[in-house]
Structure formats: C-alpha cells, structure tokens
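Colleague: Please take a close look at one single part of this model. I want distances, cut-offs and how that part sits in its surroundings.

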Amino acid sequence: MSKSLHRIGILTGGGDCPGLNAVIRAVTKTALTRDGMEVFGIEDGFLGLVQNRMRQLHNDDVSNILTLGGTILGTNNKCDPRKYVIQRNGHTETADVTDRCLEHIAHHQLDALIVIGGDGTMSVASNFVRHGINCLGVPKTIDNDLEGTDVTFGFATACMIASEALDRIHTTAASHHRVMIVEIMGRNAGWLALYSGLASGADIILIPEIPYDIEKICEKVRTRSRHGKRFSIVAVSEGARALDGKQVVDRVDPSSPDPIRLGGIGRVLAQQIEEKTQIETRTTVLGHVQRGGTPVADDRILATQFGHAAIKALLDGKENRMIVMKGGVVTDIDILTVADKQRLVTLDHPLVAAARDLGTSFGD
Ligand code: F6P
C-alpha cells in the first residue's frame with residue numbers, strides 16, 4: 001500500500017437511496033483488511049465536511065447494515081461548499097467555503113475522499129479534484145440518470161417498489177372501471193417510469209423524453225373502453241411534459257444547488273383525462289416510498305461491487321475516477337466527465353420500441 005493511502009474519508013451526498021449502507025460497509029470492510037488503513041465517515045454529505053463533522057469507522061460500525069435502507073452517515077442534497085448558504089443580518093447569502101473544507105481534510109489527514117452520490121455530488125467533488133484532492137466517485141440514484149454508467153444502485157429497488165404499486169393499483173382500477181395514474185420519481189429521466197411501467201404492463205407510460213399529447217392519451221383510454229377494458233393504468237414520470245415542454249413543479253428550494261422539485265403532473269393529468277373522457281380518474285403519488293427501505297438483492301450486490309472496486313482503484317494508485325458498470329463489467333472513468341450531466345432515455349431505446357410493439361402508448 002502506498003504511504004499516501006493511509007486514511008480515507010467517505011460521504012454520501014444528494015438524496016438517499018437503498019444500497020448506500022452496502023457501499024459504506026464494502027468500502028470499510030475492504031479497507032480495514034489492509035494494515036494501517038483507516039476510514040473516516042463524514043456526516044450529512046458535504047455539509048459535514050464544511051462543519052468538520054466526521055468519525056472513524058470500525059468493523060462494528062458497519063456490521064449488520066448490508067440490508068439497511070438510508071445511510072448511517074446521513075446525507076444532504078442542499079450543500080455545495082462553493083455556494084454555501086449563510087444567514088447574515090437577517091439576509092440569506094452564499095459564500096465559497098471550499099478552503100474551510102480543505103483545512104478539515106488536511107486536519108484529519110485524509111488522503112482520498114470516496115463520494116457516493118449522483119450528478120450533483122460528482123459536480124461538487126470535481127471542485128475538490130481541481131483543488132488537488134483525490135476523489136473517487138461511486139454512482140447512486142434511484143433515477144438511474146448518471147452519465148457514464150449503465151446502471152446506478154438504488155434503481156432496481158425503486159423499480160420493484162413502483163412496479164408493486166402499479167400491480168396493486170391494477171386490481172382496484174379494474175374493479176372500479178377507473179383510469180388510475182401513478183406518479184413516479186426520476187427527475188428529468190424516465191427510466192423509473194419506463195422500467196416499472198413495462199414490468200407491470202401499464203397501458204400508458206409518460207416520460208420526460210417523449211412529450212405527450214393529451215388527446216392521444218384520451219384516445220388510448222377511449223379505445224380500451226370500447227374494447228371492453230373499462231380501466232387504464234398510466235405510469236407517469238414526475239418530469240413528464242406536454243407538447244408545450246412545460247414540467248409541473250411542486251416546489252422551488254432556493255437553498256438547494258438544484259432548486260426545482262418536480263411533482264403534481266398526476267393531478268393535472270387526472271383532471272384533463274376525466275374531463276375529456278368522462279371516465280373517473282384517480283392519482284397516486286408514490287413519492288419518497290420509492291427511496292426507502294431495504295435494497296433488493298441486485299442493489300446489494302451492485303453496491304458491494306462498487307464499494308469494493310472503489311478501494312481497489314485507490315490501492316491501484318488511481319486518482320479522480322468514478323466506478324461504473326459498463327456492459328456487465330465494473331470499471332472506472334474520469335470523474336470530471338460526469339459532473340452536471342444527465343443520462344436520459346433515448347427515443348430509440350429497445351425498451352421503448354418493445355413497449356410500443358406491445359401496444360403501450362407513450363402519449364405521442
Ligand atoms: O434524485 C432522487 C429524487 O428522489 C428524484 O427522483 C426526485 O425528483 C428528488 O430526488 C426529490 O428530492 P427531495 O428528496 O429533495 O424531495
């Protein structure tokens with residue numbers, strides 16, 4: 001082991017997702033098998049780095065957490081040290097506190113940072129890379145929208161949860177002869193709605209990448225009704241947009257580097273569909289249920305592989321990489337190439353084509 005790899009800091013940034021603890025466990029257990037290697041857990045993402053809150057992790061700390069949802073370190077999706085929000089004289093201001101973080105890294109003699117997060121976290125990490133800190137990224141998000149990797153951990157669990165919800169909605173929709181809309185997370189990417197919609201045989205799948213025409217949606221509902229299917233299931237991504245391109249925003253959080261929180265499209269659609277088709281329509285918003293609870297086996301395995309690979313990459317002397325899954329192989333790419341990018345569903349994606357061939361409408 002190189003002398004410069006004695007102490008490693010680890011943090012979880014952005015929204016939580018199932019599998020974070022499995023990564024923390026894999027990183028810590030793998031590191032602690034090496035003589036003299038230590039792991040320091042930074043609390044609440046980059047906020048803990050700003051506020052100098054970190055603690056040493058021992059085997060006991062990561063025992064029994066493989067199946068646990070959330071993150072034992074805590075997380076935060078608002079803190080970017082380049083634009084740290086402070087209150088001064090009753091006013092909200094932002095300040096660049098990168099230097100403060102660098103002091104804390106130096107004080108704890110951290111030789112590298114393992115940052116587990118999505119595009120926002122990788123973007124913040126890239127700032128530290130430019131200040132000479134070796135950052136190793138591990139991609140997570142239920143949205144599955146991170147550039148450079150075929151898949152992020154957390155996605156499989158969220159898909160399973162959304163799919164189970166759609167299945168349950170199916171029976172009540174059929175009983176009441178209703179249109180049932182299920183609003184699914186995913187930000188600007190439709191992966192979660194596409195996968196869970198396909199898994200549960202949704203009649204209509206609406207994703208941000210394919211703008212919908214409300215008339216086409218109603219046409220599908222009416223056609224089904226004429227053929228004796230007096231109910232329809234709509235899986236709608238929270239970021240779905242009509243032909244005018246506008247998304248429905250639930251809230252704007254100025255204290256967050258990514259201030260827009262999407263939500264509410266389900267209710268908008270329900271009103272329009274009911275009005276135009278005269279078929280009773282209801283909406284279920286799945287929300288944060290999709291991010292909670294124990295990870296499915298696939299996510300536990302992926303998270304464990306990623307955590308293990310992160311330590312191996314550092315031991316191999318690699319710098320500023322992000323661990324990825326490419327074509328079934330765990331490898332790594334330059335962390336600077338992924339910051340602030342989103343991997344979206346392509347219009348010719350095989351799953352879109354398959355769903356269309358099966359008669360699923362995308363509202364276009
Ligand atoms: O990125 C994960 C995610 O759950 C998105 O799908 C969703 O749009 C967003 O986070 C919600 O953020 P918050 O936890 O701040 O409500």
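**The ligand site**

Modeller: Start with Asp 143: one of its polar side-chain atoms lies 2.6 Å from an oxygen atom of the ligand. That is a polar contact (a pair of N or O atoms within 3.5 Å). This is a predicted model: local features need pLDDT of at least 70, side-chain atom pairs count only at pLDDT 80 or more, and totals for chains, interfaces and linings use all residues. Residues are numbered from 1 along each chain as its sequence is written, and side-chain values use heavy atoms, with hydrogens and water left out.

Glu 238 also has a polar side-chain atom 2.5 Å from a ligand oxygen atom. For Arg 291, a side-chain N or O atom is 2.8 Å from an oxygen atom of the ligand. Of the 400 Å² of accessible area that the ligand has on its own, the protein covers 80%; the areas come from the Shrake-Rupley method with a 1.4 Å probe. Around the ligand (a heavy atom within 4 Å) are Asn 77, Ile 142, Asp 143, Met 185, Gly 186, Arg 187, Glu 238, Arg 261, His 288 and Arg 291.

Now the setting. The domain assignment gives domain 1 (7–153 + 295–337) and domain 2 (156–292); such bounds come from an automatic or database assignment. Their centres, taken over C-alpha atoms, are 32 Å apart.

Definitions and conventions. Polar contact = N/O pair within 3.5 Å; in protein donor to acceptor, adjacent residues only side chain to side chain.
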